[in-house]
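Biologist: Hi, I'm new to this one. Can you walk me through it?

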Amino acid sequence: MTKKWWHDKTAYQIYPKSFLDTNGDGIGDLKGIISKLDYLKDLGVDILWLSPIYVSPFADQGYDIADYYNIDPRFGTMEDMEELIEKAKEREMYIVMDLVVNHCSDEHEWFKKACADPDGEYGNYFYIREKKDGKSPTNWRSYFGNSVWSDIPGTNKQYLHSFHKKQPDLNWENEAVREEVYKNINWWLDKGLGGFRIDAIINIKKALPLQDYEPDRADGLCSIQEMLSRANGVGEFLSEMRDRCFKPHDAFTVGEVFDEKPEELDSFIGENGYFSSKFDFNETIFGGSEKGWYDAKAITPEDYKHCCFAAQRHVGTTGFLSNIIENHDEPRGVSHYLPEGECSLEAKKMLGGLNFMLRGIPFIYQGQEIGMENTVFSSIDEVDDIATLDQYQTTLEAGYSPEEALNIVSRYSRDNARTPMQWDASANTGFTNGTPWLKVNPNYRDINVADQMNDEHSVFMFYKKLIQLRKHPRWKETIIYGTLEPVLEDEKNIMAYYRKGPETLLIIGNFQKDEQEVPLPRMPKEILINNYQEVSYDETRIHLKGWQFLVLEI
Ligand code: GLC
């Protein structure tokens, strides 16, 4: 395998709106990120992925872009962005932006022109169709609920939006659209960007001709995924984008890829793949239901283990997965994957360690490094996220009381991960001098960066150790390029695997609060990481405390 500059990196996702506010408007900004570069460097991360900071009306928190060439004034200016790229470079760090090109904003000039003249040049930038007898062109349901079709005022026409109605889908079949996208990507890469995280990319290819499918709920609509499963040929667009943009710049790219066909793996992330990497979402989508969050099945430690291993087995050494326990679309990993009431320091470290040592590129989401947890919503009015508001409605319609509905959506809400980064124990956790756009998690006095940086047993220090291990000359080759082999798979609530390269490592976690003893496949030579002070084992057995996590040289 040809070595690439990004193989040995550790990535960190910044949700700019909630990272650090330096001008008191309650919204994080680029100056805030610049001021924390040393903090991030000290943690050890190399690649910083920024969720969208382009000009946007924020119908979906910036994933609805009105101008791809400018920074939203709430985040700062282009000079700030250039400074960020520059200062990151000085520290040997790379900035990665979000590439949101399945759709733009309905406030983008392309869409305004399309509405003014749907049959003209810009009409063909989107999917615009005539209604028939007042009926929408197809019966697809959008990701955020309701039909994917909305009216173009003053006409009998509608436009397609896979997500919110303020996010019209771009027509990738139109070469002019693709040219615009490539021009923009290259413009940013020429500025010195390290690459892109690529949003909702499977959605760019629609199954044509557009048609109805079997409804899957009482609303008579069917999930848009049904159409996607029948869409073929996304690879033609993706290889064109790779060859025209990413390859000439040697950019790092990570795809938000759902629903790709198993046989396409090599084309996606193999040696000459469309992308450098793609996220493993096996764990995050586990238990999901077409009916909605109220019908989701909770994930157990055994499920978690099987999901991770299935993804690892599928990819093998074909390419590199990007491994996460959370992101801006998910609840906090420690609240989601650890059984309720079990968010101890040890358990948080175990979960982080098991995920971090998998084969692939580790992505840490802001606040994960201090073990941030889900927040508490005392009323639905405290929720900002459109997906959560839609799910709340769906839950009420399914017959749940408002209290029950709030409880259910609180568990899965994307806002859990979007509460402000917890810097210290001062008012509003040091995030802002003003009023934060989203309420701070009330636990910030107990969980914050300032405390953890001075505490050698903190979650922060543990992540730092994991990153140092990944960079250590002796273990690097094994951790980055070594194979992954599950072991002790039938031991309940034990998640263990070898990483085999020039060295052999055994990674083992006791995914429960009770102690347990399991066979030790081989006698350890050295303990590299331990989330407790001690561990007891002999030649054949190892005795693990509740939530104990170890990296052993074997
Ligand atoms: C991706 C983003 C999510 C956004 C959606 C639409 O899934 O991660 O936040 O809502 O795309 O752009």
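Modeller: A polar side-chain atom of Glu-256 sits 2.7 Å from an oxygen atom of the ligand; a polar contact is a pair of N or O atoms within 3.5 Å. The protein covers 95% of the 300 Å² of accessible area that the ligand has on its own, by the Shrake-Rupley method with a 1.4 Å probe. This is a predicted model, where local features need pLDDT of at least 70, side-chain atom pairs count only at pLDDT 80 or more, and totals for chains, interfaces and linings use all residues. Residues are numbered from 1 along each chain as its sequence is written, and side-chain values use heavy atoms, with hydrogens and water left out.

Biologist: How far is an oxygen atom of the ligand from the side chain of Asp-60? And from His-103?

Modeller: For Asp-60, an N or O atom in the side chain is 2.5 Å from a ligand oxygen. For His-103 the distance is 2.9 Å.

Biologist: How many residues surround the ligand?

Modeller: There are 13, with a heavy atom within 4 Å. The closest are Asp-60, Asp-199, Glu-256, His-328 and Asp-329. By class, that shell has 3 nonpolar, 3 polar and 7 charged residues, with Asp, Glu, Lys and Arg counted as charged.

Biologist: New topic. Which helix gives the most to the lining of the second largest pocket?

Modeller: H14, with 5 residues. Helix H14 covers 402-412, and H11 (333-337) also supplies at least two; helices here are DSSP runs (H or I) of at least four residues.

Biologist: And what classes are in that lining?

Modeller: 12 nonpolar, 8 polar and 4 charged residues.

Methods. A polar contact is a pair of N or O atoms within 3.5 Å; within protein, one must be able to donate a hydrogen and the other to accept it, and residues adjacent in sequence count only if both atoms are side-chain atoms.
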